[in-house]
Amino acid sequence: MHINDFWVAIPIGLLIGVLGRLVVPGRQSIGVFITFLIGVGAALLGTLVAELVNLDDKAVVKVWKIQWSWWELGIQVLFSAIGIGLANMLTYTKLASGAAKSKPRKRATTTPRKRRAKAAED
């Protein structure tokens with residue numbers, strides 16, 4: 001892994017994080033900054049794994065001065081989806097959402113008109 005890989009992982013991490021969010025079904029309860037951090041981590045980890053498995057030179061696409069590998073991108077998005085899924089599981093708990101502190105509200109069974117009529121009778 002070269003020093004350029006670290007600098008490239010920062011802007012690419014945002015794209016990887018967004019792609020990871022798109023892969024995970026449902027609504028995520030994590031913010032944009034956490035998505036960006038997970039994307040940067042997934043980009044770095046995906047690049048490292050692709051180099052270790054020797055997949056970084058296969059299926060290479062070159063557009064102008066930009067070069068990427070489809071295998072490496074797939075590994076990065078996979079790590080990002082796993083990271084976003086784990087972060088979503090950690091932040092979506094009863095303790096984190098505050099649901100453990102308050103009881104659910106009961107739905108009113110009578111309308112305001114019926115309450116006024118009942119109050120008038122008393």
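The model is predicted, so local features need pLDDT of at least 70 and side-chain atom pairs count only at pLDDT 80 or more, while totals for chains, interfaces and linings use all residues. Residues are numbered from 1 along each chain as its sequence is written, and side-chain values use heavy atoms, with hydrogens and water left out.

The chain holds five helices and two strands, in the order α-α-β-β-α-α-α along the sequence. Here helices (H or I, at least four residues) and strands (E, at least two) are DSSP runs, numbered from the N terminus. Of the 122 residues, 23% count as buried; buried means under 20% relative accessible area, exposed over 50%, and partly exposed in between (1.4 Å probe, protein chains only). Among contacts (heavy atoms within 4.5 Å) with a separation of 6 or more, 66% join residues 24 or more positions apart.

Ser80 is buried, with a relative accessible area of 0%. Leaving aside residues up to four places away in sequence, Ser80 touches Ile16, Gly17, Gly20, Ile38 and Ala42. A polar atom of the Ser80 side chain lies 3.1 Å from the backbone oxygen of Ile16.

Leu48 counts as partly exposed because its relative accessibility is 36%.

Key. A polar contact is a pair of N or O atoms within 3.5 Å; within protein, one must be able to donate a hydrogen and the other to accept it, and residues adjacent in sequence count only if both atoms are side-chain atoms.
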